[in-house]
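Q: I would like to learn how to read strand pairing and backbone geometry in a model. Can we work through an example?

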Amino acid sequence: MEKKPKGHVIVLTYPAQGHINPLLQFAKCLVSKGLKATFATTHYTAKFIRADGINVMPISDGYDNGGFKFAPSVEAYLDSFKTLGSRTLTELILNLNHESNSSSPPVNCIVYDSLLPWALDVAKNLGIYSVVLLTNSVSVCSLYWHINSGVLNLPFETEKFPLSLPGLPLLSHDEIPSFLACPTHHSAYLAAILEQFLRLGDNDWVFANSFEDLEIELVKAMEEAWPVQMVGPLLPSAYLDEEHQIGTDKDYGGNLRKPNDDKCLNWLEKQPQKSVIFVSFGSMAEIDEKQIEEVAWGLKMISSNQNFLWILKESEQKKLPIQFLDSIGEKGLILTWCNQLQVLANRAVSCFVTHCGWNSTLEALSLGVPMVAMPQWSDQPMNAKFMEDVWKVGVRVKKDENGIVRREEIGRCIREVMIGGKCEGIRSNASKWRENGKRAVCFGGSSYHNIDKFVAKLMK
């Protein structure tokens with residue numbers, strides 16, 4: 001006889017691919033442990049999400065027919081989402097509680113994306129538990145914490161660099177998040193982030209999509225100062241926890257862009273083992289034409305027995321040189337989107353040229369794939385710093401005086417990871433972190449233990 005759920009959690013996400021993935025995976029994890037989970041997202045993104053056992057319900061951001069792209073500015077979008085999201089999320093919870101029964105208990109908790117700090121007020125007003133899920137590394141998050149605690153002040157002064165902070169390596173100006181390096185350029189996002197860290201202690205739990213071994217120095221340095229608990233890596237269980245899989249859990253369950261999975265996997269199956277360079281700069285970064293041209297010719301320069309798979313938005317494919325497209329033949333495949341986890345797990349993939357978004361970094365670490373980092377914005381420069389200097393699983397490219405990564409540099413870094421002098425050490429470290437990630441989420445691991453304690457509390 002199927003067990004009746006004893007607790008009901010609303011999981012609320014910011015409507016971007018890199019935020020949907022970990023929040024949706026956390027919802028699936030809670031359902032697998034006996035809770036009921038309702039996934040709340042905007043009207044526009046709700047139609048793209050399908051996950052077994054998860055009830056997807058829409059709330060309003062004020063742009064129900066098309067989402068963020070129809071907002072006049074980031075500020076306008078975040079203000080609208082706060083106003084209408086707070087009201088419609090409250091209405092959703094009240095309606096669910098009115099309809100609650102033995103198979104659908106009343107909502108007793110909100111787990112919310114750290115970019116949506118207003119959800120804390122909704123939880124407080126309704127008298128239910130509030131949980132914030134940090135979607136960046138805890139090392140990145142510690143910088144925002146230090147700003148709110150007065151240890152750091154904005155704007156950062158040049159003479160303050162390199163930054164020396166507890167649990168972190170020395171950081172230069174170009175290694176900190178762009179929201180802090182250039183605060184006036186990202187003021188709306190920065191304001192939401194800083195608001196969350198100002199009120200971090202008001203939550204009943206603070207979770208992070210990371211695992212203790214990965215950021216152990218920061219954990220040790222900050223354990224008395226802030227209440228963060230690790231619950232990651234939040235990846236579909238087929239890639240990490242083979243013994244306790246959530247069904248056939250090989251995909252997050254939400255794609256805002258249609259993946260070309262059949263074409264992608266069929267092409268990969270024809271390639272020799274460890275011969276493919278996988279290139280993707282995520283769903284949000286806009287790469288300019290000159291940089292795309294340099295990446296293209298850098299990939300063309302690599303040796304004849306190394307092929308590439310490049311994920312490039314349709315708008316950016318138009319920036320590719322015609323001569324390049326005419327010359328690649330069977331050497332490369334260019335697609336608009338794919339199931340990134342399936343690609344990283346494929347035997348043909350040898351290295352990952354990545355923007356170092358936190359999800360992509362965790363995925364590559366968890367699957368043991370060496371990286372070449374080309375960070376673009378947000379937390380990516382700091383993730384790239386850790387990837388090369390702390391975890392030692394790849395190398396970072398260097399920009400020229402005009403801020404462009406040249407083809408020769410791209411080729412050099414790919415060769416360094418695939419066949420260079422650091423190759424053996426990089427691959428050994430990548431394998432080590434893969435095993436560490438598995439241990440964190442498997443039975444008895446640190447992340448498994450933290451989630452279990454949370455679930456037990458909600459089911460009382």
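Q: Which residue in S9 does Val276 stand opposite?
A: Strands of a sheet pair through backbone hydrogen bonds, either parallel or antiparallel. In this predicted model, Val276 stands opposite Asn307 in S9. That position belongs to the pairing of S8 (residues 276-280) with strand S9 (residues 307-311), which is parallel and has five bridges.

Q: How does the chain cross from S8 to S9?
A: The chain passes through helix H10 (residues 289-301), and this β-α-β crossover is right-handed.

Q: What pairing is there between S8 and strand S11?
A: S8 and S11 (residues 349-354) are also joined by five bridges in the parallel sense. Within this pair, Val279 has Val353 of S11 as its bridge partner.

Q: Are the faces of S8 covered or open?
A: In a regular strand the side chains alternate between the two faces of the sheet. For S8, Val276, Phe278 and Ser280 lie on one side, Ile277 and Val279 on the other, and all are buried. The count for the strand is five of five residues buried.

Q: What is the strand order in the open sheet of seven strands?
A: The order is S3-S2-S1-S4-S5-S6-S7, with parallel pairing. Strand S3 (55-59) and strand S7 (228-230) are the edges, each pairing on one side only. On average, neighbouring strands are turned by 30 degrees against each other, direction ignored.

Q: Which strands does helix H18 touch?
A: Helix H18 (residues 446-458) packs on this sheet and touches S1, S4, S5, S6 and S7; its direction makes about 115 degrees with that of S7. S1 (residues 8-12) itself pairs with S2 (residues 36-42) in the parallel sense over five bridges, and His8 stands opposite Lys36 in S2.

Q: What is phi of Lys274?
A: Phi of Lys274 is near 55 degrees, a positive value in a residue other than glycine. Lys274 is in the loop between H9 and S8 and is partly exposed, with a relative accessible area of 44%.

Note on methods:
Residues are numbered from 1 along each chain as its sequence is written. This is a predicted model: local features need pLDDT of at least 70, side-chain atom pairs count only at pLDDT 80 or more; totals for chains, interfaces and linings use all residues. Side-chain values use heavy atoms; hydrogens and water are left out. Two strands pair if DSSP finds at least two bridges between them. Helices (H or I, at least four residues) and strands (E, at least two) are DSSP runs, numbered from the N terminus. Axes are lines fitted to C-alpha atoms, for helices over the stretch in contact, and angles run from 0 to 180 degrees between N-to-C directions. Contact means heavy atoms within 4.5 Å. Buried means under 20% relative accessible area, exposed over 50%, partly exposed in between (1.4 Å probe, protein chains only). A crossover is right-handed if, with the strands pointing away from the viewer, the path from the first strand over the helix to the second runs clockwise.
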